[in-house]
Amino acid sequence: FVKGVFMASKKAILVYILEILRSETDANHTLSQEEIRNKLIAKYEVSVDRKTLGRHLNDLYEAGDFGIECEESAMGTDGTVRRTDFYMIHPFEDSELRLLVDGLLASRHISVAQRKDLIERVSKLGSPHFISHGNNIESPTGYLPKRQELFLNIDLIETAIQIGRKISLSYCQPDVDKKLHVNLDSDGKPKKYVFNPFQLVMNHGQYYLVGNHDNHDDMATLRMDRICQVKILPMNRKLLRQIKGYEQLRVFNVTQYMKEHIYMFGGESISVSFQAKRDIVNQILDWFDGNVNFTKVTKSKVVCHVRVNREAFKYWALQYMQSVKVLTPKSLVTEIKQAIQEGLNQYS
């Protein structure tokens, strides 16, 4: 020991250098060799002579395994390259971290406390100078308290999907008290559902489970934050071709499913044509993810053709009834007319 400063092993010094570069540098915040030397003394009470430090920094840089970068200048009189302004490249750039933070902010299934914790942990994956905007943005979290059970259920269901098994579950619905209440059977006990899980998806910040109720023949969608009491069953899941609308398929196409289900309703997908005002074309493209064909285009109107979940489209058409007129299929036109009339009767 000399005035509180001691010599450390080479391995320890290399670790200290890496930690200084990781915790204090990025491409816009560099450190010279002298600054690194002073920080070794200040943070770790380790003294390294300039020549030894230069050799260690060169070893780390030339190894190419630690994401170390620096500025190189002309060779010195001894033939060695002069290097300075060292910094570490981090796993994520600031712009990429902001995308991840935005995703957390948009996730309605995460509680406020969990969101804050995750944003802090994600932020540490980048530059030490990264400043997250997450704590300054208010985002929707829903009116129901988030349950830790959600994440346990996600793990169980992902396992069931991977090994191709059925699951049993109970399902909850919120009531006027703004609390979840489990669906009950005729005996007043939690009702058990047997479900064939195919895919977990996210839509509008919520997790959904896409699959098939064992006693039905079509595809259904369940809100993950409404599911409870999940168990993996020993029976194999139904084959996809046993489900209505998927008879010719062997692999579930989640991309196509998401395009067709603008709302997360179960049931069949159908081909629909409708007339719309030209000034909502941008909204139509957003809602259907570009999965639209346009015909009979005029200055004020256009006919649109989509393949979409029937029940979801019905509610979408009612939402846009001032700008949209459904043309086919006729059965859906009749359904929507009836719904509009029933809505009008509410105001009579």
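The legends below describe close-up views of a predicted model. Residues are numbered from 1 along each chain as its sequence is written, and side-chain values use heavy atoms, with hydrogens and water left out. Because the model is predicted, local features need pLDDT of at least 70 and side-chain atom pairs count only at pLDDT 80 or more, while totals for chains, interfaces and linings use all residues.

View 1. Valine 272 lies in strand S9 (residues 269–277), where strands (E, at least two residues) and helices (H or I, at least four) are DSSP runs numbered from the N terminus. With a relative accessible area of 3%, valine 272 is buried, a class that means under 20%, against over 50% for exposed and partly exposed in between (1.4 Å probe, protein chains only). Leaving aside residues up to four places away in sequence, valine 272 touches residues including Cys304, Val306, Phe313, Val326 and Leu332, a contact being heavy atoms within 4.5 Å. The C-alpha atoms of valine 272 and arginine 310 are separated by 8.5 Å, although the two are 38 residues apart along the chain.

**View 2. Glutamate 335 and its partners in helix H9.** The side chains of arginine 310 and glutamate 335 meet in a salt bridge (2.7 Å, N to O), defined as a side-chain nitrogen of Lys or Arg within 4 Å of a carboxyl oxygen of Asp or Glu. Arginine 310 lies in helix H9 (residues 310–319) and glutamate 335 in helix H10 (residues 330–346), so the pair ties together parts that are 25 residues apart in sequence. The side chain of glutamate 335 also meets that of lysine 314 in a salt bridge (3.6 Å, N to O), and this pair, with lysine 314 in helix H9, is 21 residues apart. Arginine 310 is buried at 17% relative accessible area and lysine 314 is buried at 16%, whereas glutamate 335 counts as partly exposed at 28%.

**View 3. The pairing of aspartate 214 with lysine 166.** A salt bridge joins the side chains of aspartate 214 and lysine 166 (2.6 Å, N to O). The pair links distant parts of the chain, 48 residues apart, with aspartate 214 in the loop between strand S6 (206–213) and strand S7 (220–223) and lysine 166 in strand S3 (residues 165–174). Aspartate 214 counts as partly exposed at 30% relative accessibility, while lysine 166 is buried at 10%.
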